[in-house]
Amino acid sequence: MKAAGGAWRLWLWAGAWLGVWAIELPHHIVMETGFDVFWGFDTGDRLITFAVEAETRGWVGLGLTHSGDMTGADMAVGWVKDGQPYFHDYYGVGNQQPLIDKSQDFTLVSLTQNGTHTRLEYRRPFRTCDPNDLDITEDTLKLIYACSSSLPSTPDDLPEHGVAGVKSVQILNYARKEVPEPTNSRAFDILTNITIPNIHTFYACHLAKFPDFGGKVHVYKVEPIISAQAANFVHHTLLYLCPASYDDSHLMAPTDCYGSYYL
């Protein structure tokens, strides 16, 4: 099952995935074509290393945010100019030029470039005690990313990005691995389409029915589907299996959880 602003993709089976940092940094996510993020961490030393590989010869940036936008974001930005690496710890103050953090708590590991790509690798503590940095915890954080084809004239003047986006990730609990799919597997989506009201917090509930697969199946994988429009609003989703006593009379379209009769 997948969830998209409220959707899930379930993979079922009828029966009983690069880069130069692959060993040191086992976790990998493709933010979009041409922008890859790798990371690895040491819970003993409480240090985490991020690496970015982006298809650009301009500046590249990676950050953390709770909201999904620039406000309160904690970012690392780097570029190579005339063979010289430049790297800084920034923080966001809204949809405008980020500011260089007075407390530079990130350590540059490497910053290289070839004819098409820029590769940035840096390390930081889980917690820096800097009010402009976000703590790395087991909670879901939003990774924001951006890059530009242009180079800054000064660290205080980053050219406008051409590529940017956000993805929700459980950084310390990220266990996604590419494994061969069973040859007789199938998938189906449960999509939740609801208008988010103008209130601070809103919970949407959706009761859906499994398709009839003509026999016993096993759910072996569940993936969320978060639409681009919902990415800045979705905080978490929960998936439950209803008891056998539920029948079609309980099915209901997406609605406000606290106004739902079945809760």
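C205 counts as buried, at 14% relative accessibility. Buried here means under 20% relative accessible area, exposed means over 50%, and partly exposed lies in between (1.4 Å probe, protein chains only). The structure is a predicted model: local features need pLDDT of at least 70 and side-chain atom pairs count only at pLDDT 80 or more, whereas totals for chains, interfaces and linings use all residues. Residues are numbered from 1 along each chain as its sequence is written, and side-chain values use heavy atoms, with hydrogens and water left out.

C257 is also buried, with a relative accessible area of 10%. A disulfide (a pair of cysteine sulfur atoms within 2.5 Å) joins C205 to C257, with an S to S distance of 1.9 Å. The count by this rule is one disulfide. The link of C205 and C257 is right-handed, with 105° about the S-S bond. C205 lies in strand β14 (residues 204–207) and C257 in the segment after β16 (252–256), so the pair ties together parts that are 52 residues apart in sequence. Strands (E, at least two residues) are DSSP runs, as are helices (H or I, at least four), and both are numbered from the N terminus. C129 is exposed, at 66% relative accessible area. C147 is buried, at 6%.

A nonpolar core is a set of buried Ala, Val, Leu, Ile, Met, Phe, Trp, Tyr and Cys residues joined through side-chain atoms within 4.5 Å. The largest such core holds 30 residues, of which W39, F50 and I171 touch the most other members. At least two residues of this core come from each of β2 (27–32), β3 (35–42), β4 (47–54), β5 (60–65), β6 (74–81), β10 (118–125) and β11 (141–147). A second, separate core has nine residues, including W59, M75, V77 and I144. Neighbours within four places in sequence aside, W39 is in contact (heavy atoms within 4.5 Å) with residues including L25, P26, I48, F50, V169, I171 and Y174.

Strand β11 is mostly covered, with seven of its seven residues buried. L141, L143, Y145 and C147 point one way from β11. K142, I144 and A146 point the other way. Two strands pair if DSSP finds at least two bridges between them. β5 and β11 run antiparallel and are joined by six bridges. Here V60 has C147 of β11 as its bridge partner. β11 also pairs with strand β12 (residues 163–169), in the antiparallel sense, over seven bridges. In that pairing I144 stands opposite V166 of β12.
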